[in-house]
Amino acid sequence: MVKYEENLDAIFMALAHPARRAILSQLGKGDATVGELAQPFDMSLPAITKHLKVLERARLISRSKNAQWRPCRLENVPLKAASGWIEEQRKIWESRLDRLEDYLHNMEKMEERKNDDNG
């Protein structure tokens with residue numbers, strides 16, 4: 001459980017920055033080099049490299065060696081883990097809100113009965 005939470009922490013921390021989310025979106029279209037990933041940003045290559053390292057530590061991307069190029073690739077497993085956690089939370093909160101709605105409806109019915117009895 002602790003390992004799972006550490007991985008989620010790294011994933012959500014990596015996703016917290018808009019540049020890193022944009023990089024992941026780019027990689028969703030296919031593998032890319034650091035230079036290709038840097039093109040849309042007004043950022044130095046070292047700054048892009050720092051963002052890539054954060055994404056790599058979170059296992060959201062992988063980098064391979066292909067001659068002199070080191071293309072980056074999107075990794076789906078960590079995104080699925082984060083999505084799974086979010087889905088669990090959504091179900092919990094939907095259940096809580098459904099129970100609250102039922103409670104409020106019952107309170108409303110009781111109030112209506114009380115008013116009918118008194119009126």
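How many aromatic pairs does the count come to by the ring-centre rule? The count comes to one aromatic pair, where rings of Phe, Tyr and Trp, the last by its six-membered ring, pair if their centres lie within 6.5 Å, and where planes under 30 degrees apart count as stacked, over 60 as edge-to-face and the rest as tilted. The rings of Phe12 and Trp85 have their centres 5.6 Å apart and their planes at 65 degrees, so this pair is edge-to-face. Phe12 belongs to helix α1 (residues 2-15) and Trp85 to helix α5 (residues 76-118), so the pair ties together parts that are 73 residues apart in sequence.

Before I go on, a word on what we are looking at. This is a predicted model, in which local features need pLDDT of at least 70 and side-chain atom pairs count only at pLDDT 80 or more, while totals for chains, interfaces and linings use all residues. Residues are numbered from 1 along each chain as its sequence is written, and side-chain values use heavy atoms, with hydrogens and water left out.

Now the overall architecture. The protein has five helices and two strands, which are DSSP runs numbered from the N terminus (H or I of at least four residues for helices, E of at least two for strands), and along the sequence they follow the pattern α-α-α-α-β-β-α. The radius of gyration of the protein is 24 Å, well over the 14 Å that the globule rule gives for 119 residues, so the protein is more spread out than a compact globule; the radius is taken over C-alpha atoms, and the rule is 2.2 Å times the number of residues to the power 0.38. Along its principal axes, the C-alpha trace spans about 85 × 35 × 20 Å.

Buried residues make up 24% of the 119 residues, with buried meaning under 20% relative accessible area, exposed over 50%, and partly exposed in between (1.4 Å probe, protein chains only). Among contacts with a separation of 6 or more, residues 24 or more positions apart account for 51%, a contact being heavy atoms within 4.5 Å.

Leaving aside neighbours within four places in sequence, Phe12 is in contact with Ala82, Trp85 and Ile86. By contrast, Phe12 and Lys109 are 43 Å apart in space, C-alpha to C-alpha, and 97 residues apart in sequence.

Where does Asp117 lie? Asp117 is found in helix α5 and is exposed, with a relative accessible area of 67%. Between Asp117 and Thr49 there are 73 Å, C-alpha to C-alpha, for a sequence separation of 68 residues.

Two loop residues remain. Thr33 sits in the loop between α2 (18-27) and α3 (34-38), and Thr33 is buried, with a relative accessible area of 16%. With neighbours within four places in sequence set aside, Thr33 is in contact with Trp69 and Pro71. Arg59, in the loop between α4 (45-57) and β1 (61-63), has a positive phi of about 65 degrees although it is not a glycine. At 48% relative accessibility, Arg59 counts as partly exposed.

I will finish with the charges. The mean positions of the 20 positive and 19 negative charges are 13 Å apart; here Lys and Arg count as positive and Asp and Glu as negative, with His and the chain ends not counted, and each charge is placed at NZ of Lys, CZ of Arg, CG of Asp or CD of Glu.
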